[in-house]
Amino acid sequence: MAFIDPKLVPKRKLSNGQEIPCMGMGTFGSDRFTPEQVSGAVAGAIRIGYRLFDCASVYGNEDLIGEVFEAAIREGVVKREELFITSKVWNDMHGQGDVLLSCAKTLKDLRLDYLDFYFVHWPFPNYHAPGCDGDSRNPDSKPFSTEEFMSTWRQMERLYDMGLVRNLGMSSMTIPKLEAVLPLCRIKPTVIEMELHPCFQQPELYDYVVAHGIQPIGFCPIGSPTRPDRDMTPDDIADIRVPELVEIAKAHGVHPAVICLKWAVQRGQVPIPFSIHENEYVSNLESTVKDPLSEEEMAVLKGVDKNCRLIKGQVFLWPGATSWHDLWDEDGVIVK
Ligand SMILES: NC(=O)c1ccc[n+]([C@@H]2O[C@H](COP(=O)([O-])OP(=O)(O)OC[C@H]3O[C@@H](n4cnc5c(N)ncnc54)[C@H](OP(=O)(O)O)[C@@H]3O)[C@@H](O)[C@H]2O)c1
């Protein structure tokens, strides 16, 4: 069986001095893969050397993944302190007291007594039913509110104070939203999850996050070819079919997916690729320890950015909002 020594996998240092692996594994089954398939992949991934796992309550599989963590620790495959485990509070649990309840449920499901990272999954309390289609809207949805976000964040800070969560994170934020909330945070986020792949590099947000001492974690690092149907539109560009990327992949003798990941790691974000296939998740982690891209190849890949957002979030739109662009504050002000 393949084994990539976790000690050899490069690390990223967070603002609090903690070091984390430069790549993790995603666990969102994208409404296509069953909880059993995802937890099976997590079990395999621990054995081959993954140490960081990106979980979330809304992925609907934390209970099975928890069994995997518990067994791996019990059987001595890995020690708890060697693992970096993420979870996220879902949009329907932002209310007073709910964040604490959600975290407690996640800890119980994951069979842990602390989380390494806890994220606010989306900066809106807007709920959509799991597995809904792209035209679904919830009439109770609301635009972003700094006040509401901060009341959620205060609960995150309490979890940190209680030692239940070692790092706080935000996800799918924009610069205007960060400008509004960062000065108000008593406990600052050490990590931010954002969509990052060669065709969607978000250079301004990326630079802003890094300049604030926050580590970017990149989701959909391969361009999420198996994302839910509701997140597919005809204009989307498939990263793994971009000619420049395909050519670099041929030169390295690897799948284009692996080039997306090498680019991500060498740029500095922590990608969290998903796969249930052992050959894929092995080559993904292996990409961090061998055959780096040249400076020229990195420059070519920088040039393939097409500002192609895949996770548009339209199911979170509130009554009165005009299009998914409203979620992303593209004119530099928070859209209300
Ligand atoms: N914070 C957030 O709001 C947020 C949003 C989205 C995602 N995420 C997190 O980010 C993780 C990753 O995103 P994602 O799952 O959407 O997309 P992704 O990692 O970009 O793409 C996953 C797909 O890529 C293919 N793949 C993976 N490795 C490959 C390889 N070596 N060769 C060929 N194909 C490969 C697999 O498809 P096949 O099965 O067809 O091979 C897999 O299903 C999620 O699982 C989740 O944990 C977070």
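In this predicted model, the axes of helix H3 (residues 98-110) and helix H4 (residues 146-161) come within 8 Å and cross at roughly 45°. H3 is therefore oblique to H4. The crossing in which H3 passes H4 is right-handed.

Which residues bring H3 and H4 together? From H3, the residues that meet the other helix are Asp 98, Val 99, Leu 100 and Cys 103, and their counterparts in H4 are Thr 152, Gln 155, Met 156, Arg 158 and Leu 159. Sorted by class, this contact of H3 with H4 holds 5 nonpolar, 2 polar and 2 charged residues.

A search of the whole structure identifies 2 cavities of 30 Å³ or more. The table lists their volumes.

| Cavity | Volume |
|---|---|
| Largest cavity | about 50 Å³ |
| Second largest cavity | about 30 Å³ |

The largest cavity is lined by Ile 20, Leu 52, Asp 54, Thr 86, Phe 117, Phe 119, Glu 193, Ile 217 and Ile 272. At least two residues of this lining come from each of strand E4 (52-54) and strand E6 (117-120). By class, the lining of the largest cavity comprises 6 nonpolar, 1 polar and 2 charged residues.

Around the second largest cavity lie Ser 172, Met 173, Met 194, Glu 195, Gln 202, Leu 205, Phe 219, Arg 309 and Trp 328. The lining of the second largest cavity divides into 5 nonpolar, 2 polar and 2 charged residues.

Key:
Residues are numbered from 1 along each chain as its sequence is written. This is a predicted model: local features need pLDDT of at least 70, side-chain atom pairs count only at pLDDT 80 or more; totals for chains, interfaces and linings use all residues. Side-chain values use heavy atoms; hydrogens and water are left out. On a 1 Å grid over the protein atoms alone, a cavity is a set of points where a 1.4 Å probe fits but cannot get out, and a pocket is an open set with protein on both sides within 12 Å along at least five of seven lines; lining residues have an atom within 4 Å of a point. Grid points are joined across faces, edges and corners, and a volume is the space filled by probe spheres set on the points. Helices (H or I, at least four residues) and strands (E, at least two) are DSSP runs, numbered from the N terminus. Ala, Val, Leu, Ile, Met, Phe, Trp, Tyr, Cys and Pro count as nonpolar, Asp, Glu, Lys and Arg as charged, and the others, Gly among them, as polar. Axes are lines fitted to C-alpha atoms, for helices over the stretch in contact, and angles run from 0 to 180 degrees between N-to-C directions. Angles under 35 degrees count as roughly parallel, over 145 as roughly antiparallel, 65 to 115 as roughly perpendicular and the rest as oblique. A crossing is left-handed if the near helix is turned anticlockwise from the far one by less than a right angle, and right-handed if clockwise. Contact means heavy atoms within 4.5 Å.
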